[in-house]
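Q: I'm new to this one and would like to learn how to read it. Can we go through it feature by feature?

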Amino acid sequence: MYVSRPAPELFPARIGNDALADAGSIEVFDAVVIGGGPAGSAAAFTLASGGASVCLIDKSDFPRDKLCGGGVTGRGRSVFESVFGRSWDGRLFLPSADIEFRSNGRLIGGATDQTGVFLTMRRDFDEYLLGLARAAGATLMLKTRIARVDLAHGALTPGDGAEIRFRHLVGADGVNSMVAKALCGAAFLPTTIGFGLEVEVPRDHLPEQGDRLEIDFSAASWGYGWVFPKHRTHTIGVAGIHARNPDMKARLADYLALKNLDAANYRVKGQYIPFGDYRRRPGRDNVLLAGDAAGFADPITGEGIAFAMQSGAAAGRAILDSLASPGVVPADRYFSEISGLTRGFRDARFWRWLIYPAPVHGLFTRAFSRAGVLQRGYLDILAGRREYDALPGLFARQAGRALKRLARL
Ligand SMILES: Cc1cc2nc3c(=O)[nH]c(=O)nc-3n(C[C@H](O)[C@H](O)[C@H](O)COP(=O)(O)OP(=O)(O)OC[C@H]3O[C@@H](n4cnc5c(N)ncnc54)[C@H](O)[C@@H]3O)c2cc1C
């Protein structure tokens with residue numbers, strides 16, 4: 001019988017070495033979660049809160065850096081509140097009210113009311129989430145890189161240390177997931193995967209930017225560039241489908257040059273991002289993939305934090321259900337829990353053909369600059385206030401307005 005444990009403290013202590021489990025003492029857990037990002041912490045929190053014994057393993061010590069714009073949407077905030085059962089610690093975020101849309105630096109739209117995007121440093125946010133999982137009762141094994149995943153025997157082999165056994169496994173180990181490799185032969189498809197580059201620019205290097213967000217639709221092919229303000233820096237980056245941007249470093253340098261910044265002055269970091277490369281059935285039997293390991297990043301905006309928490313928690317719930325009712329197959333329960341999420345990715349993969357291909361991209365940016373309804377719609381999707389299934393209605397409204405204008409001529 002799995003019973004809920006008492007609610008964890010509101011502000012868990014910072015993660016320290018006291019949280020490290022001794023690898024030699026590890027036996028069989030109800031569930032092992034690999035990865036301490038938003039997906040892994042949500043899974044471990046859900047499992048531990050539901051009374052399961054859970055061990056979360058991460059190769060890094062925390063706090064650790066994670067390459068990311070750190071833009072958490074209104075959707076992310078709602079997911080956080082429903083998964084972790086509380087309001088988040090507002091000190092972790094810079095709310096940004098203003099946004100500008102650009103194409104090759106040229107202003108094509110924007111909004112000065114609430115964008116619904118909250119900017120954070122992943123170093124702090126991920127440590128906070130991991131602290132919540134730990135306070136709920138999850139055992140943490142940090143600085144432990146899993147080198148081998150043996151699905152047939154339910155065993156994980158760290159680079160050093162004793163074998164770890166699991167009854168259920170959540171692969172929340174990011175875009176280069178070992179668990180996805182063990183399950184599917186490869187973590188991602190090189191032809192469809194996205195790639196992003198970023199620099200952290202001290203705020204006084206870009207004083208006119210203030211707390212304003214920026215999206216530049218032409219800074220990368222099949223992707224975009226961004227300026228995301230943080231408390232101490234501006235995160236500036238470009239991302240797009242990797243195969244369509246062989247010159248991504250030059251793209252970033254060009255984007256920085258539009259702002260009179262020299263790429264040579266900053267430390268450029270890069271990472272793959274699933275960006276539409278999602279798995280329809282992310283798992284098998286008692287092994288589930290969540291977050292980037294399942295490819296759960298929005299195919300148009302690249303948003304991944306909200307979907308990582310959402311899928312991690314869904315994986316945790318599916319395992320709890322199967323622990324309580326042994327007839328339940330965790331993967332089947334998980335696939336049905338996340339069907340709405342994958343439907344959204346499928347819709348977005350369709351809509352991006354109207355935004356990103358070279359022949360329509362110019363048309364899109366021109367139409368976007370004149371179409372208040374589309375700008376609002378994009379912003380609402382970016383902020384998580386609308387889903388992609390609202391787009392046909394928005395297009396119809398915009399077309400109706402254009403027809404009325406024509407009729408007046
Ligand atoms: C340049 C860029 C900008 C982005 N900007 C945004 C944004 O602004 N907003 C947004 O919502 N999303 C953004 N994303 C996407 C977002 O970063 C990811 O979708 C999100 O981090 C996924 O979370 P996760 O928990 O699945 O994986 P991760 O956050 O990657 O966590 C995976 C964890 O697994 C651990 N791990 C990996 N392998 C092993 C192993 N073998 N053994 C042990 N531990 C292991 C890692 O140390 C890591 O802590 C961006 C991505 C990129 C690349």
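Predicted model: local features only at pLDDT ≥ 70, side-chain atom pairs only at ≥ 80, totals over all residues.

Q: Where is Gly384, and is it buried or exposed?
A: Gly384 is in the loop between α10 (372-383) and α11 (391-408). A residue counts as buried if 20 or more other C-beta atoms lie within 10 Å of its own. Gly384 is buried because it has 21 of them within 10 Å.

Q: What does the whole chain look like in those terms?
A: The protein chain has 11 helices and 18 strands. Of its 409 residues, 48% count as buried. For contacts between residues at least 6 apart in sequence, 70% join residues at least 24 apart.

Q: How do I read a helix that has a buried side?
A: Start with the general idea: an α-helix has 3.6 residues a turn, so residues three or four places apart point the same way. Now look at α5 (residues 248-257), where Met248, Arg251, Leu252, Tyr255 and Leu256 are buried. Those residues are on the same side of α5, because they cover an arc of only 130° around the axis. The face turned away from that side carries the exposed residues Ala250 and Ala257.

Q: What do the buried residues of α5 pack against?
A: They pack against β12, β13 (213-216), β14 (223-229) and β15.

Q: Which residues are buried in α7?
A: In α7 (residues 330-337), they are Pro330, Ala331, Arg333 and Tyr334. They line one face of the helix, since they fall within an arc of 160° seen down the axis of α7. Their cover includes β11 (164-171), β17 (283-284), β18 (287-289) and α6.

Q: How about strands: how do β9 and β10 run?
A: Strand β9 (residues 146-150) and strand β10 (residues 155-158) run antiparallel, joined by 4 bridges. One of the pairs is Asp150 with Ala155 in β10. Together the strands form a hairpin with 4 residues between them, and Gly154 in the turn has a positive phi of about 60°.

Q: What should I look for in backbone angles?
A: Most residues other than glycine have a negative phi, and most peptide bonds are trans. Asn104 has a positive phi, near 50°, and is found in the loop between β5 (99-103) and β6 (106-111). Phe275, in the loop between β16 and β17, also has a positive phi, about 45°. Asn104 counts as partly exposed, with 14 C-beta neighbours inside 10 Å, whereas Phe275 has 28 and counts as buried. As for peptide bonds, the one from Phe62 to Pro63 is cis, with omega near 0°.

Q: Last one: what surrounds the ligand?
A: Of the 38 residues around the ligand, Gly37, Gly69, Gly196, Gly291 and Gly304 come nearest. Elements giving two or more residues to this shell are α1 (38-49), β12 (194-202), β15 (233-241), β16 (269-273) and α6 (305-324). The largest share, 3 residues, comes from α1. By type, the shell divides into 15 nonpolar, 15 polar and 8 charged residues.

Definitions and conventions:
Residues numbered from 1 in each chain as written. Near = placed C-beta within 6 Å. Nonpolar A, V, L, I, M, F, W, Y, C, P; charged D, E, K, R; others polar. Pairing = 2+ DSSP bridges. Buried ≥ 20, exposed ≤ 12 C-beta atoms within 10 Å, placed from the backbone. Arc of directions from axis to C-beta. Contact = placed C-beta atoms within 7 Å.
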